[in-house]
Every structure is written in structure tokens, then in C-alpha cells.
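Please open the structure in your viewer and keep the selection tool at hand. The stops below are meant to be taken in order.

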Amino acid sequence: MSDDWNMRTKLVHGGTRRSQYGEVSEAIFLTQGFVYDSAEAAEARFLQAGPDEFIYGRYGNPTVAMFEDRIAGLEGAEDAFATASGMAAVSGALTSMLRAGDHVVAARALFGSCLYVLDEVLTRFGVEVTFIDGTDLDAWRAAVRSDTRAVFFESIANPTLEVVDIAAVADIAHAVGATVVVDNVFATPVFSRAIEQGADVVIYSATKHIDGQGRALGGVILGTREFIRGTVEPYMKHTGGSMSPFNAWVMLKGLETISLRVNAQAQTALALTDALQGRPELSRVIYPGHASHAQHDLVLRQMGKGGTVVALELAGGQAAAFRFLNALRIVVISNNLGDAKSIATHPATTTHQRLPADQKVLLGITPGLVRLSVGIEDPEDLIADISRALTIAGEKQ
Ligand SMILES: *Cc1c(COP(=O)(O)O)cnc(C)c1O
């Protein structure tokens with residue numbers, strides 16, 4: 001791959017490995033293992049596998065390698081390791097690098113499963129975790145210590161869309177020698193400049209915008225070659241969280257169109273946010289790409305665009321939120337995001353149902369909050385569907 005290619009060229013051609021048949025669409029190497037020409041060749045490959053030499057599906061695969069190289073080129077990372085899901089990426093990145101006695105500082109506003117890994121799993125193995133408000137730089141300064149080995153946060157928090165300043169947190173973390181691990185799902189690989197802004201390790205759930213069409217689970221860990229091949233790969237290949245070749249192929253095809261999709265989604269999200277200003281049924285409309293977002297300057301500096309998710313707070317609480325969801329005709333009720341189809345979620349009763357009430361209050365997950373993942377449907381149709389559902393939600397109290 002050419003380093004001087006621009007993003008959209010990298011997304012279509014990056015990482016391609018063409019077989020002797022000269023196929024146009026990337027081949028799916030749906031094989032667990034690989035044949036060696038001789039016993040000596042097998043011995044040599046186990047001693048040191050070359051860049052295009054594979055041993056076993058858990059260790060690597062040509063289709064998976066194409067996906068890894070394509071997304072690494074896109075993100076500006078030296079290397080990448082593809083995983084079975086986003087959570088395999090989060091848990092693999094953290095568990096492979098941490099040991100008992102290490103200290104981690106994490107933002108409090110986290111996806112439920114990320115919170116479980118940090119709060120329940122790592123602590124069980126003697127890692128101390130301090131949770132803070134990720135948007136408060138003084139809190140980061142106060143929490144890091146000389147034994148802080150890593151900091152972890154979602155660059156845009158789910159579902160309240162608060163933004164963490166990657167560059168500022170990286171400065172604070174690097175001052176004590178800590179590794180900056182960013183769960184970058186809501187930023188999408190298209191709008192991300194996380195590595196350039198100081199992130200050492202970037203994680204995506206490929207299930208979201210990378211697939212983008214709701215088909216397969218996947219994840220990826222991006223970082224330096226030394227971290228990916230020296231720390232992550234040995235852990236992942238022995239513990240079993242590698243991506244399947246079929247899913248890698250789905251994700252490769254997803255990367256080809258991701259820039260077109262997420263740019264269209266961001267444009268619709270902005271138009272929708274504009275259209276919803278002043279609606280009496282709504283107490284809040286939150287979109288990082290809109291001038292009304294409290295951290296709009298940071299969003300522009302960090303990503304240029306606001307992403308694909310809008311959060312709405314219905315003034316009438318849960319009853320109004322449910323009336324709104326049930327009145328939607330195009331937008332479906334589900335819990336994924338980043339899909340071509342627009343999806344509405346009620347976090348308080350689904351994705352964040354098990355969070356204690358005081359935590360929900362702390363994180364702004366109110367009974368009226370609805371998360372809208374904006375799809376690639378016609379923007380006018382979407383705005384009409386959402387506006388009509390809001391009118392119905394506001395009618396009978
Ligand atoms: C969805 C998600 C994950 C988990 O990804 P899976 O592919 O579902 O395992 C992790 N972090 C964030 C921010 C997510 O949105």
C-alpha cells in the first residue's frame with residue numbers, strides 16, 4: 001500500500017493481497033490451517049513466520065491480515081490485530097498489557113461491558129482502577145500516579161455524547177509514563193485522528209460503523225508494531241479471541257464504503273439536529289457536531305465532524321420516550337449503532353438497564369433519553385418520521 005494515498009483510496013485498496021487467480025474482490029481464505037512444503041518448512045515457520053506466512057487461524061489468516069493492514073493504514077497506526085468482537089479487543093488490549101499491582105485510570109462513562117472488564121475482571125486479578133469524570137482534566141491530573149500503567153476512555157461517551165479531550169489526557173498520562181488506550185467507536189475510523197493526537201492504543205468495535213450493515217461481530221486493536229506483535233498477538237493467539245476470516249471479509253467490504261456512509265450519516269445527523277431545535281417535546285437535543293453542543297470546539301478540533309449518533313431527551317420522561325419509539329415507522333428499535341438503518345435505543349431500560357440508579361443520574365441516562373443512530377436513508381424521510389413520532393409522543397400525557 002502507498003503511504004501517500006488519501007483516505008478513500010486506502011479504504012478501497014489498502015492491504016490487498018491478491019492470489020494467483022487475480023481476483024478483483026478480496027478472497028476469503030476460509031481455512032483453519034496451512035500446508036507446509038516439507039517438515040523443515042514447518043519447523044522454520046514455527047521458529048519465525050514471515051509476513052505472508054501463516055500457521056493457524058487463531059494466529060493469523062490472509063483475509064484477516066488484509067483487514068488489519070487496511071485499517072492500520074487508515075488510522076495511521078503501525079499495526080493492528082483483529083478480534084472476534086469489540087469486547088475481545090477491549091479486554092484483550094487491557095489484559096495483555098496489565099499485571100497485578102498496576103493502576104489504571106478510566107473515565108466513568110463507559111459502555112456496560114467495558115465497565116465490567118475494568119471494574120469486575122481486572123480488579124479480580126489485582127489491578128487497581130480509579131474511575132473519574134473523563135471530561136474533567138483536573139480529575140485526570142489528580143488521579144494519575146507514578147504506578148499508573150494505563151488510562152482508558154471512550155473518546156465520545158455512550159449514550160450522552162460527552163467528549164474526552166484525547167490530546168490533553170494523553171499529555172497528562174504520558175507525563176507519568178502511562179499508555180493511553182482509547183475506545184474510539186463513536187468517533188469512527190473515518191473521523192478519528194486519535195494516534196496523531198496522542199493515543200497509544202486505539203480500539204474499535206467493527207460491529208458498528210466498519211461492518212455498517214448489521215451483519216457480523218468484530219473488533220480491532222491498533223498500536224505500535226511492538227505493542228501489537230509483542231504484547232497483544234501472543235495473548236490473543238493463545239486465549240482465542242481472534243477474528244474469523246469470514247467476518248474479516250465482511251469488515252474489509254465494510255471499509256470500502258465506510259467513508260461514504262459515515263459522512264452521509266453525519267450530514268443527516270446535523271440536519272436532523274437543526275430540524276429538532278425548539279421542539280416542545282424535547283428537553284435536550286445532543287449532537288457533538290452541532291454548535292449547541294457544550295464541547296463543540298473540542299469536537300471540531302478532535303474529529304472535524306460530530307459522528308453518527310444523536311441523543312434526544314423527551315421532556316415527558318419514559319412514557320413519552322416509549323410513545324416516541326413506538327410511533328416510529330422507518331427508524332427501528334434496536335441496540336446496535338453505526339448501521340445503514342437508523343436505530344433508536346432507550347438506554348435506561350435496555351443497554352444501561354442494570355446500572356444502579358445513582359450511576360444513571362451521574363451519567364445523565366435519564367428516563368426520557370433516547371439514542372438515535374442515524375442511518376443512510378433519505379434525510380427528509382428520516383426527519384419526517386422522527387418529527388411525526390415526536391408529535392405523537394407529545395399528544396396524550
Ligand atoms: C459496541 C461497543 C463495544 C463492544 O463491541 P462488540 O462488538 O459488541 O463486542 C465496546 N465499546 C463501545 C463504545 C461500543 O459501542
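The tour goes from the domains to their interface and then to the ligand.

This is a predicted model, in which local features need pLDDT of at least 70 and side-chain atom pairs count only at pLDDT 80 or more, while totals for chains, interfaces and linings use all residues. Residues are numbered from 1 along each chain as its sequence is written, and side-chain values use heavy atoms, with hydrogens and water left out.

Begin by colouring domain 1 (7–254) and domain 2 (259–394) separately, with bounds that come from an automatic or database domain assignment. Their centres, taken over C-alpha atoms, are 27 Å apart.

Next, turn to the interface, where the two domains bury about 2900 Å² between them, buried area being the accessible area (1.4 Å probe) that two parts lose on being put together, summed over both. On the domain 1 side, select Pro159, Leu161 and Phe191, which lose the most area to domain 2 and together make up 24% of what that side buries. Then select Asp165 and Arg301, which form a salt bridge with their closest N and O atoms 3.7 Å apart; the term requires a side-chain nitrogen of Lys or Arg within 4 Å of a carboxyl oxygen of Asp or Glu.

Finally, which residues are closest to the ligand? They are Gly86, Asp183, Ser205, Thr207 and Lys208. At Gly86, a backbone N or O atom lies 2.8 Å from an oxygen atom of the ligand, whereas at Asp183 a polar side-chain atom lies 2.6 Å from a ligand nitrogen atom.

Note on methods
A residue is near a molecule or strand if one of its heavy atoms lies within 4 Å of it. A polar contact is a pair of N or O atoms within 3.5 Å; within protein, one must be able to donate a hydrogen and the other to accept it, and residues adjacent in sequence count only if both atoms are side-chain atoms.
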